[in-house]
Amino acid sequence: MLSGLVIVDKPQGWTSHDVVGRMRRLAGTRKVGHAGTLDPMATGVLVVGVNKATRLLTYIVGTSKTYEATIRLGAATVTDDAEGEVTHTTTTADVTEAAIRTGIAALTGPISQVPSSVSAIKVNGERAYARVRSGEDVTLAARPVTIHSFEFHGIRRGRHESGLEYIDVDATVECSSGTYIRALARDLGAGLDVGGHLTALRRTRVGPYSIGQARTLEQLGEDLQILDIAVAARALMPVRELSAGEAVELSFGRRIPASAEGTHTTENPAAAFAPDGTLTALLADAGKYAKPVLVFPPDPAPNNVSATPTAKESGQ
């Protein structure tokens, strides 16, 4: 029973659900989930949890993300990306690079963002995109997000079939969870009075997991590489090393003395490791004690098969 994360380089045209379906077949288990949807148009990092590691996904979803994006100024679409019908076009002949930089600066830092109407956000129990497809006019409430960095790389000018000029802007965006890059494209165009939409998107980082660790579905089909749950948790969370006695207590769901820092919470717990390097639990401090938020019982070793040694056991 392999438990860990698979860092997938999602191909264009696939839904995140499609990727989960493929991973279920490759890993031979139904217990597979992902940490944060990528639109079919987008490519790049999709973090997939297998077996016990699905319990880590909640903590991965809320981490910051990094994207490489191309934004087209001079045309707006129904979906705020290239997959939607164009609603209007405007020439960008008078739009300067300085104006674009000013627009980007206005969308950097803590901002209030209205998600795209075709997002997966639920409205009265139904996905917003489903309501839009049924002909309903949907406007979602604004929500606070943080654009940690909106780095401008350059522009390329071209012309629509109508002859009107457009501008493609290449940028890197580092942002908080819940940010819609489509909405950034829309709002940049709106701020310049020319309209805008997203034409390309590649996610290069989710929390501590980067595109350098990602593998395509074809590569995973030939060699299924699963990041061990202990290694994944060490990269994701603060770490607490347990004594043998503490590890035993936690295996029964009992509380132990609080950490020296006393700062671990239910929302931001510490990953607690037994002396042999095994992930035992996620811990939250509560006064003088630390209580388990989640407990990870050890997997039984299959008959006639040696368990793979941990990093500490193998001397790595």
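Predicted model: local features only at pLDDT ≥ 70, side-chain atom pairs only at ≥ 80, totals over all residues.
Residues are numbered from 1 along each chain as its sequence is written, and side-chain values use heavy atoms, with hydrogens and water left out.

The protein has nine helices and 19 strands; these are DSSP runs numbered from the N terminus, helices being H or I of at least four residues and strands E of at least two. Of its 316 residues, 47% are buried, where buried means under 20% relative accessible area, exposed over 50%, and partly exposed in between, with a 1.4 Å probe and protein chains only. Contacts are heavy atoms within 4.5 Å. Among contacts between residues at least 6 apart in sequence, 70% join residues at least 24 apart.

Helix α5 (residues 181-191) is largely enclosed by the rest of the structure, because eight of its 11 residues are buried. Among them are Ile-181, Leu-184 and Leu-188, and also the arginines Arg-182 and Arg-186. The cover over the buried residues of α5 includes helix α3 (97-106) and the strands β10 (143-159) and β11 (165-175). Just after α5, Asp-193 has a positive phi of about 60°.

An open sheet is built from five strands in the order β15-β17-β18-β19-β16, with mixed pairing. β15 (239-241) and β16 (256-257) are at the edges with a single partner strand each, so one side of each has no neighbour in the sheet. Two strands pair if DSSP finds at least two bridges between them. β15 pairs with β17 (residues 270-273) in the parallel sense over three bridges, and Val-239 stands opposite Ala-271 in β17. Helix α7 (residues 229-236) packs on this sheet and touches β15, β17 and β18 (279-286), its direction making about 140° with that of β17. Such axes are lines fitted to C-alpha atoms, for helices over the stretch in contact, and the angles run from 0 to 180 degrees between N-to-C directions.

Some single residues remain. Arg-30 lies in the loop between α1 (16-27) and β2 (32-34), and counts as exposed because its relative accessibility is 66%. The charged end of Arg-255 sits over the ring of Tyr-289, 3.8 Å from its centre. A charge sits over a ring if NZ of Lys or CZ of Arg is within 6 Å of the ring centre and within 35 degrees of the ring normal. Arg-55 lies over the face of Phe-296, at 5.3 Å from the ring centre.
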